[in-house]
Amino acid sequence: MFVSFFPQPKLFFSSVAIWSLAAVLFWFFGGEQIGAFVGLPPDASDVAKIVGVSVFWSKPFLWFYIYFGAVVLIFYGFWAWYRPHPWQNWSILGSSLILFVIYYQVQVSVAFNDWYGPFYDLIQKALGTPFSTTPWDFYSQLLTITWIALLAVTVGVLNRFFVSHWIFRWRTAMNNYYMANWDRLRHIEGASQRVQDDTMRFSNMMEGLGVSLVSSIMTLIAFLPLLMHFSAVVTELPIVGEVPHSLVVVAILWSIFGTTFLWLVGIKLPGLEFRNQRVEAAYRKELVYGEDDENRAQPQTVRELFDNVRKNYFRLYFHYVYFNVARIFYLQIDNIFPYIVLVPTMVAGKIKLGALNQILNSFDQVRSSFQYLVNSWSDIVVLTSIYKRLRAFEATLDGEPLPGIDRRFIERQARQPDPA
């Protein structure tokens, strides 16, 4: 799954983590300031924050683009020298481009959040004091957000086009790798489906879940300081009273509760999804054999195989009932939870409408990041079942014993009468 697309995967991903951490720490502990030597200094604390699309080509942003590019090229150069790989351009440079776009999309969210403050304060001013604003005040604010949205949409569409190609390249790498070893893999149950379908689904879901994970981490880095800043205003919480760094503490505790709660509720689902793939494959394969062999796909055999399909689906439906009840119940409470937290602050009149919307958006961003497992659990369940199916290929190629269910399938096939 990985060795076909990435060079020496275990060492590669370990080096990615270490190199990324080193690059982030260096940036925050001096790298950001180095831009001043080339005329691209960070924003001074006494300078008003840029609100609008021009922030993306401001000097601090330009320096970050250069820094990110240098970090990527050094890493790529090392691996191209140390362990050349036929797919290194897509697996290293392509993955880096996707990471950069994730960073950009997080910064778009920050730009939107910065815009909320002055815009909603303008609304509050207009509603509170008639004719204290002009139509152009509103039109200029709306024009500002329009330019940010247009740039975001353009980058998003181009990125989606690139990601589609990146996913198919990973599928191609897996397909070529498995087909080169087809003689050793063809005896495994559902081998054709695993090569034709599971490779595409695996690369697609790995990209989606990986992007979500990295986006969650970058969102935390971007929005936690904002929540820390707003916590100076929101000092009192319902029932418990004053809490230091209240918004950060509440966001973390609520998200940990949701993640743990839904993980426990849905703990049986990965195994059921995996078994579902098995019984479906066994039923499909018997029907395929029956197309060419009149001794196969007999009514009794087909009935037994379909009964297995039915029983597994009904078990899956049952377990998804209580999982979905728990998930929807939690998410519905989650929608009003920030307002519950802010009730004492709103009653005391400590914040304006603009700050309120900035807090709500920042809180939602941080909470959603901590709820990565909650939001991705269904996809993780499906990916786990696909991974287990492809893992049988890896076991065969590595000379390891097959999983028990695969061994039982081979034994059952060996007991089938010879059509000849």
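Tyr120 is found in helix 3, which covers residues 88-128. The model is predicted. At 25% relative accessibility, Tyr120 counts as partly exposed, because buried means under 20% and exposed means over 50%.

Which residues does Tyr120 contact, leaving aside its neighbours within four places in sequence? They are Leu353, Gly354 and Asn357. Take Leu353 from that list. Tyr120 and Leu353 are 233 residues apart along the chain, yet their C-alpha atoms are separated by 5.7 Å.

## The overall layout

Now step back to the whole protein. It has 12 helices and two strands. Read from the N terminus, the order is α-α-α-α-α-α-β-β-α-α-α-α-α-α.

The C-alpha atoms fill a box of roughly 90 × 55 × 40 Å, taken along the principal axes. The protein has 420 residues, and 41% of them count as buried. Look also at the contacts with a separation of 6 or more: 78% of them are between residues 24 or more positions apart.

## Helix 9 against helix 10

Two packed helices are described by the angle between their axes and the distance between the axes. Helix 9 spans residues 299-347, and helix 10 spans residues 353-370. Their axes come within 11 Å and cross at roughly 140°. That makes helix 9 oblique to helix 10, because an angle has to be over 145 degrees to count as roughly antiparallel. The crossing of helix 9 past helix 10 is right-handed.

Which residues meet where these helices pack? Helix 9 brings Asp334, Phe337, Pro338, Tyr339, Leu342 and Met346. Helix 10 brings Leu356, Ile359, Leu360, Phe363, Asp364 and Arg367.

## A threonine in helix 6

Thr219 has its place in helix 6, residues 191-230. Is Thr219 buried or exposed? Its relative accessible area is 6%, so Thr219 is buried.

Set aside the residues up to four places away in sequence. Thr219 then touches Val106, Leu224, Gln365 and Ser369. Val106 falls within helix 3, residues 88-128. Gln365 and Ser369 fall within helix 10, residues 353-370.

## Aromatic pairs

The structure holds 47 aromatic pairs. One of them joins Trp27 and Phe64. Their ring centres are 5.3 Å apart, with 85° between the planes, and the pair is edge-to-face. Trp27 lies in helix 1 (residues 9-34) and Phe64 in helix 2 (residues 59-82), so the pair ties together parts that are 37 residues apart in sequence.

Trp79 and Tyr82 make another pair. Here the centres are 5.5 Å apart and the planes stand at 80°, so this pair is edge-to-face too. The two residues are three apart in helix 2, which means about one helical turn separates them. How does their burial compare? Trp79 is buried, at 1% relative accessibility. Tyr82, at 34%, counts as partly exposed.

Notes. Residues numbered from 1 in each chain as written. Predicted model: local features only at pLDDT ≥ 70, side-chain atom pairs only at ≥ 80, totals over all residues. Heavy atoms only, no water. Phe/Tyr/Trp six-rings, centres within 6.5 Å; stacked < 30°, edge-to-face > 60°. Helix = DSSP H or I, 4+ residues; strand = E, 2+ residues; numbered from the N terminus. Buried < 20%, exposed > 50% of the residue type's maximum accessible area, 1.4 Å probe, protein only. Contact = heavy atoms within 4.5 Å. Axes fitted to C-alpha atoms, helices over the stretch in contact; angles between N-to-C directions. Parallel < 35°, antiparallel > 145°, perpendicular 65-115°, else oblique. Left-handed = near helix turned anticlockwise from the far one by under 90°.
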